[in-house]
Amino acid sequence: MSPVTAYDLTGRTALVTGAARGIGRATAALLAAAGAAVHCADLDEAGAETTAEALTAAGGTAFAHPLDVTRRDQVAAVVETARRTSGRLDVMANIAGIMHSSSVLETEDADLERVWNTNFKGVLYGCQEVARAMIATGNGGSIVTMASGAIDTGAPGLLCYGVTKAAVVQLTRTLATEVGRHGIRVNAVAPGWIRTAMTERHSAEAQQQAERPMIRMSPLGRVGEPEDVAHAVLHLASDASSFTTGQILRPNGGVAMPW
Ligand code: NAI
């Protein structure tokens, strides 16, 4: 297989959650540029539509779906619609997620529940529904989950977030062992600091202050952009990674989190 063919997704279908902005949007755009028909799903319906329109305007094939990943019925419906519309579903990128910051001592039950429901249960529902669909179709597939550098270290304020991302890794590794025989691969991406709305600070000064330690400690001397993560997802989605499953890929500039 030539290197170009290995990354070619022509004739394949992908479902991307969190596609309205940030990493999800960049991933949807890259998968479409690689030839996939891309179903863009997000709680932000207008944002998902804007992404799908941009992908279509760039010559790709894209559809938008309103989706709350914390609702299993909605996840199942979007997976089924995507499969029916495109006739197959080869790739799922579970990218929707939320951030929450509170110290261990100040964390309330409701904080943990909210982040758990989106970051873990949302991914679990996505993995379950799409794996069932892929098994039924019989073409195999690639499922990508979104972890974080928070899995590699403690960080002040990131208890809820880190717990959910560590759980996503365990889900990824476990599912990989269970569906491999159906030709389905399951891998996680654990990005470092990426410039998106999630990491945006209120002022330029606060932004620089937050990014400075990451830039100083990174051998590459910079923080990440959404496209850096999108390329990692494309690798895992494509045949270029056909012998890779149950793994964690870390696009993090060489540094997890400098605490
Ligand atoms: P973002 O905040 O820019 O985008 C997140 C998207 O997810 C938004 O479009 C939002 O509407 C959507 N979303 C939130 N809750 C949802 C729900 N219940 N159902 C459907 N969609 C929902 O965030 P960003 O930075 O693009 O993050 C994407 C993923 O990457 C997240 O899982 C995040 O935890 C992870 N990540 C981000 C890093 C960063 O530095 N930005 C680093 C490591 C991981």
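Here is a walk through this predicted model, from its strands to its pockets and its cysteines. Because the model is predicted, local features need pLDDT of at least 70 and side-chain atom pairs count only at pLDDT 80 or more, while totals for chains, interfaces and linings use all residues. Residues are numbered from 1 along each chain as its sequence is written, and side-chain values use heavy atoms, with hydrogens and water left out.

Let's begin with strand β1. Helices (H or I, at least four residues) and strands (E, at least two) are DSSP runs, numbered from the N terminus. A residue is called buried at under 20% relative accessible area, exposed at over 50%, and partly exposed in between (1.4 Å probe, protein chains only).

Which strands are the partners of β1? Two strands pair if DSSP finds at least two bridges between them. β1 runs parallel to β2, joined to it by five bridges, and pairs with strand β4 (residues 91-94), also in the parallel sense, over three bridges. Alanine 14 takes part in both pairings: its bridge partner in β2 is valine 38, and its partner in β4 is valine 91. Between β1 and β2 the chain passes through α2, and this β-α-β crossover is right-handed. Right-handed here means that, with the strands pointing away from the viewer, the path from the first strand over the helix to the second runs clockwise.

Further along the chain, turn to strand β6 (residues 184-189). Six of its six residues are buried, so β6 is largely enclosed by the rest of the structure. Both of its faces are covered, with Ile184, Val186 and Ala188 on one side and Arg185, Asn187 and Val189 on the other. Strand β5 (residues 141-146) pairs with β6 in the parallel sense over six bridges, and threonine 145 stands opposite alanine 188 there. Together, β5, α6 and β6 make a right-handed β-α-β unit. β6 also pairs in the parallel sense with strand β7 (residues 248-249), over two bridges; valine 189 has leucine 249 as its bridge partner in β7.

Threonine 244 sits in the loop between α8 (226-237) and β7. With 24% relative accessibility, threonine 244 counts as partly exposed. The C-alpha atoms of threonine 244 and valine 186 are separated by 8.3 Å, although these residues are 58 apart along the chain.

Now for the spaces in the model. On a 1 Å grid over the protein atoms alone, a cavity is a set of points where a 1.4 Å probe fits but cannot get out, and a pocket is an open set with protein on both sides within 12 Å along at least five of seven lines; lining residues have an atom within 4 Å of a point. Grid points are joined across faces, edges and corners, and a volume is the space filled by probe spheres set on the points.

The largest pocket has a volume of about 990 Å³. It is lined by 43 residues, and the closest to its centre are Gly97, Ile98, Met99, Tyr161 and Met198. For residue classes, Ala, Val, Leu, Ile, Met, Phe, Trp, Tyr, Cys and Pro count as nonpolar, Asp, Glu, Lys and Arg as charged, and the others, Gly among them, as polar. The lining of the largest pocket then has 25 nonpolar, 12 polar and six charged residues.

The second largest pocket holds about 170 Å³ of space. Of its 13 lining residues, Val223, Gly224, Pro251, Asn252 and Gly253 are the closest to its centre.

There is one cavity of 30 Å³ or more. Its lining consists of Thr17, Val69, Asn94, Ile95, Ala96, Thr118, Gly122 and Val123, and helix α5 (residues 109-137) gives the largest share, three residues.

Finally, how many disulfides are there? With a disulfide taken as a pair of cysteine sulfur atoms within 2.5 Å, the count is zero. The sulfur of cysteine 40 is 19 Å from the closest cysteine sulfur, in cysteine 127, which is too far for a bond. Cysteine 40 is buried, at 0% relative accessibility, and cysteine 160 is buried at 1%.
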